[in-house]
2 protein chains.
Amino acid sequence: MSKFTMFGQLIARPGQRGELAKLMLESAATLQEMEGCIYYIISESVDEPDALWISELWESEEAHAASLKNENVLAVIQRCRPLIAGVNPVKLRLLGGKGI
Amino acid sequence: MSKFTMFGQLIARPGQRGELAKLMLESAATLQEMEGCIYYIISESVDEPDALWISELWESEEAHAASLKNENVLAVIQRCRPLIAGVNPVKLRLLGGKGI
C-alpha cells in the first residue's frame, strides 16, 4: 500500500478557530488542482473549542512532500501561522480499508 | 454539509494490534457493499505501539447509525471486542475540504 495518510490536530489561538477554519478551507480549494491529493478534509472538534482536525489521503508520501513546496500551499501556511497555537500531528501507517 | 465524519482511536490489548487490524480490515471488506459509507480507513499509529486509528466518511450521520445495526458489522464488533483495551472517539463536525 503506497498511499499516504495523515491526521493533524491544529489548535487555534483562543477565539480564532473560525477564522483559521476559513483559511484552511481556502487551502483545500488550492488543493483541488493538486495532483496526488485524494482528499483533504477539515473538521472541527465538538469537545475542544479551539481544535480543528485535518485528515488527508495522498497517492504517495512523495506527493504530500511535494505539496509542501508548492507556493500556493506555502502562502496559505504563512497566512494561517499567526492563528495557530499548536500542531499535534498523528503519525500513521495506512493499512487499508474502503474507498482508497 | 450533511456528510458525517469521525475518527476513532482503538487501543489493542498489548501485543494484539496486528490481530485487531486484521479483523478491522475484514470489517472494511463488509462495508464495501454498504450504502452510505464513502470511506473507512484503517491505519496504525507510528508512535503508539498498541493504537489503531479509524477514519470514516459517511453520506449522513443516519447512514453511519444504520450501519451499527447491520448484523455483519455487529458480528465484527463482537469478534474485535476481546482484543480491544480502549476506544477514544474524536467527535467532529465536518466543515469541508477536497474529495468529499
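User: Are α1(B) and α3(B) roughly parallel or roughly antiparallel to each other?

Analyst: Helices α1(B) and α3(B) are roughly antiparallel to each other, where angles under 35 degrees count as roughly parallel, over 145 as roughly antiparallel, 65 to 115 as roughly perpendicular and the rest as oblique. This is a predicted model, in which local features need pLDDT of at least 70 and side-chain atom pairs count only at pLDDT 80 or more, while totals for chains, interfaces and linings use all residues. Residues are numbered from 1 along each chain as its sequence is written, chains are lettered from A and ligands numbered from 1 in the order in which they are written, and side-chain values use heavy atoms, with hydrogens and water left out.

User: At what angle do helix α1 and helix α3 of chain B pack, and how far apart are their axes?

Analyst: Two packed helices are described by the angle between their axes and the distance between the axes. In chain B, helix α1 (residues 17–31) and helix α3 (residues 71–80) pack at an angle of about 180°, with their axes 10 Å apart; the axes are lines fitted to C-alpha atoms, for helices over the stretch in contact, and angles run from 0 to 180 degrees between N-to-C directions. Helices (H or I, at least four residues) and strands (E, at least two) are DSSP runs, numbered from the N terminus.

User: Which residues of α1(B) meet α3(B)?

Analyst: On the α1(B) side they are L20(B), L23(B), M24(B), E26(B), S27(B), T30(B) and L31(B), and they meet N72(B), V73(B), V76(B), R79(B) and C80(B) in α3(B), contact meaning heavy atoms within 4.5 Å. By class, the contact of α1(B) with α3(B) has seven nonpolar, three polar and two charged residues (Ala, Val, Leu, Ile, Met, Phe, Trp, Tyr, Cys and Pro count as nonpolar, Asp, Glu, Lys and Arg as charged, and the others, Gly among them, as polar). A75(B), found in helix α3 of chain B, has its C-alpha atom 9.1 Å from that of S27(B), 48 residues away along the chain.

User: What angle and what distance between axes describe α1 and α3 of chain A?

Analyst: Helix α1 (residues 17–31) and helix α3 (residues 71–80) of chain A pack at about 180°, their axes being 10 Å apart, which makes α1(A) roughly antiparallel to α3(A).

User: Is A28(A) buried or exposed, and what does A28(A) touch?

Analyst: A28(A), which is found in helix α1 of chain A, counts as buried at 2% relative accessibility, since buried means under 20% relative accessible area, exposed over 50% and partly exposed in between (1.4 Å probe, protein chains only). Leaving aside residues up to four places away in sequence, A28(A) touches Y40(A), I42(A), G97(B) and K98(B).

User: How much area do chain A and chain B bury between them?

Analyst: The size of an interface is often given as the accessible area lost when the parts come together. Chain A and chain B bury about 3000 Å² between them, 59% of it on carbon and sulfur atoms, this being the accessible area (1.4 Å probe) that two parts lose on being put together, summed over both. In chain A, the residues that lose the most area to chain B are R93(A), L95(A) and K98(A), together 26% of what that side buries, and the contact takes 35 residues from each of chain A and chain B.
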